[in-house]
Amino acid sequence: KQWYQRRVRGDRKLKLYEAQVVSVLMYNSNSWAPTKAALNKLDVTHRRHLRTILNIKWPRGMIRNITLYKRCNVEKLSDRVNTYRWRMLGHVLRSDENTAAQQSLSFAVKADSHFSG
């Protein structure tokens, strides 16, 4: 209901959305292994929320997705998931060899090389 109130400015709605909704959607996304279909659904949901916040309604308020992201000054959530996953991998690679994450990674690499020949 907050998204439909006219007295709240759009930039404040976007900050509120980022803090309350996106943070929940992206929780622990650095450990996800999502399919392309799941990432696409996440992006579709994100765009629908952004259009609702900006009060953009179909058909008279058609706007390209790229324009929507620029107007809201945000990026696709699927891009954020990929960034978070790369950051986590870097963190694991830099960690001590005795950590559980590092041991799991080395086990997976050894197991993969064992099965591939």
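**Figure 1. Cover over the buried residues of helix 3.** Helix 1 and helix 2 are among the elements that cover the buried residues of helix 3, where buried means under 20% relative accessible area, exposed over 50% and partly exposed in between (1.4 Å probe, protein chains only). Contact, the basis of this cover, means heavy atoms within 4.5 Å. The model is predicted: local features need pLDDT of at least 70, side-chain atom pairs count only at pLDDT 80 or more, and totals for chains, interfaces and linings use all residues. Residues are numbered from 1 along each chain as its sequence is written, and side-chain values use heavy atoms, with hydrogens and water left out. The buried residues of helix 3 are Leu68, Tyr69 and Cys72. Seen down the helix axis, these residues fall within an arc of 95° and so line one face of helix 3; the arc is that of the directions from the helix axis to the C-beta atoms. Exposed residues Ile66, Lys70 and Arg71 are carried on the face turned away from the buried side. Asn73, with a positive phi near 60°, follows helix 3.

**Figure 2. The chain and its helices.** The chain has five helices and zero strands; helices (H or I, at least four residues) and strands (E, at least two) are DSSP runs, numbered from the N terminus. Of the 117 residues in the chain, 23% are buried. Among contacts between residues at least 6 apart in sequence, 51% join residues at least 24 apart.

**Figure 3. The buried side of helix 2.** Helix 2 has 18 residues and spans 26 Å from its first C-alpha to its last, close to the 26 Å expected at 1.5 Å a residue; the expected span is 1.5 Å times one less than the number of residues. Its buried residues are Leu39, Leu42, Asp43, His46, Arg47, Leu50 and Ile53. They lie on the same side of helix 2 because they cover an arc of only 135° around the axis. The cover over these buried residues includes helix 1, helix 3 and helix 4. Asn55, which follows helix 2, has a positive phi near 60°.

**Figure 4. The largest nonpolar core.** This core has 17 residues, and those with the most contacts inside it are Met26, Leu50, Leu68 and Cys72. Two or more residues come from each of helix 1 (10-25), helix 2 (36-53), helix 3 (65-72) and helix 4 (77-94). Helix 2 gives the most, with four residues. A nonpolar core is a set of buried Ala, Val, Leu, Ile, Met, Phe, Trp, Tyr and Cys residues joined through side-chain atoms within 4.5 Å. Not counting residues up to four places away in sequence, Leu68 touches Arg47, Leu50, Arg51, Leu54, Ile56 and Ile63.

**Figure 5. Ser29 in the loop between helix 1 and helix 2.** Ser29 is placed in the loop between helix 1 and helix 2 and is buried, with a relative accessible area of 2%. Leaving aside neighbours within four places in sequence, Ser29 is in contact with Val81, Tyr84 and Arg85.

**Figure 6. The two salt bridges.** Two salt bridges are counted, each defined as a side-chain nitrogen of Lys or Arg within 4 Å of a carboxyl oxygen of Asp or Glu. In one, the side chains of Arg80 and Glu18 meet at 2.5 Å, N to O. Arg80 lies in helix 4 and Glu18 in helix 1, so the pair ties together parts that are 62 residues apart in sequence. Arg80 is buried, with a relative accessible area of 10%, whereas Glu18 is partly exposed at 27%. Arg9 forms a salt bridge with Asp11, the closest N and O atoms being 2.8 Å apart. Asp11 is partly exposed, with a relative accessible area of 35%.
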